Amino acid sequence: MRIVERKERTQLLVGQLLDIWESSVRATHLFLSESEIEKIKEYVPQAIREIPHLVAAEDDGGVPAAFMGIAGRKLEMLFISGEKRGRGYGKALLGYGMEVYGVNELAVNEQNPQAIGFYGHMGFQVYKRTDCDEQGNPYPLLYMKLEG
C-alpha cells in the first residue's frame with residue numbers, strides 16, 4: 001500500500017475514485033435506496049475535484065483502493081473499495097491525515113455503525129448529533145472530535 005497526495009484531478013482519477021465511492025457506499029450505507037445512491041453519485045465528482053486535500057491509498061499495483069478528502073483539519077470524506085475493506089487502508093489514510101494535516105474532526109452517518117466504531121477506535125468521540133445530513137436529508141449525523 002502506498003499513500004499518495006493527488007493535486008491533479010484527472011478524469012481517469014475522478015472515475016476511479018467515483019467507483020471506489022460507489023463500492024464503499026454500497027457496502028456500508030445500507031440505509032440508502034438505489035435512487036438515493038444514484039442521486040448522490042451525481043455530486044461526487046465535483047466534491048472530489050474541489051476538496052482542498054485529496055489523498056489516495058494505492059494497492060501494490062498502483063491502483064487507488066481508497067481515498068480521503070480533507071478541508072482544514074476536518075475529514076470530509078473517507079471511502080474504501082468494498083473489496084479492500086478490512087485491510088488497513090482506512091487506518092493508514094486516517095493516520096496520515098491526523099499526522100500530516102492535523103485531522104481532528106469529522107461527521108459520520110449515524111446509520112453507519114461500522115464507521116462509527118472505526119472512528120471511535122481511532123480516538124474520535126461524538127460531541128454533537130443532528131437529525132438531518134448537511135443537505136437536509138433525514139439521515140442523522142454524528143459529529144466526532146479527536147479526544148484531548
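1. Fold elements. The chain of this predicted model has five helices and seven strands. Helices (H or I, at least four residues) and strands (E, at least two) are DSSP runs, numbered from the N terminus. The order from the N terminus is β-α-α-α-β-β-β-α-β-α-β-β.

2. Ground rules. Residue numbers start from 1 along each chain as its sequence is written.

3. Overall size. The radius of gyration, taken over C-alpha atoms, is set against a globule rule of 2.2 Å times the number of residues to the power 0.38. A compact globule of 148 residues would come out near 15 Å; the chain has 14 Å, which agrees. Along the principal axes, the C-alpha atoms fill a box of roughly 40 × 40 × 25 Å.

4. Of the 148 residues, 44% count as buried. Buried means under 20% relative accessible area, exposed over 50%, partly exposed in between (1.4 Å probe, protein chains only). Contact means heavy atoms within 4.5 Å. Among contacts between residues at least 6 apart in sequence, 60% join residues at least 24 apart.

5. A nonpolar core is a set of buried Ala, Val, Leu, Ile, Met, Phe, Trp, Tyr and Cys residues joined through side-chain atoms within 4.5 Å. The largest one has 22 residues, and L75, Y119 and F124 have the most contacts inside it. Elements giving two or more residues to this core include β3 (64-71), α4 (89-101) and α5 (113-121). Apart from this core lies another, of 18 residues, with V25, I48, L54 and F67 among them.

6. F124. Which residues does F124 contact, leaving aside its neighbours within four places in sequence? Among them are L94, M98, V103, L106, Y119 and M144. N104, E105 and K145 are also in the set.

7. S23. Helix α1 holds S23. Is S23 buried or exposed? S23 counts as buried because its relative accessibility is 18%. Beyond its neighbours within four places in sequence, S23 is in contact with S81, G82 and E83.

8. E8. This residue sits in the loop between β1 (2-5) and α1 (11-28). E8 is exposed, with a relative accessible area of 59%. E8 and L54 are 46 residues apart in sequence, yet 9.3 Å apart in space, C-alpha to C-alpha.

Methods
Predicted model: local features only at pLDDT ≥ 70, side-chain atom pairs only at ≥ 80, totals over all residues. Heavy atoms only, no water.
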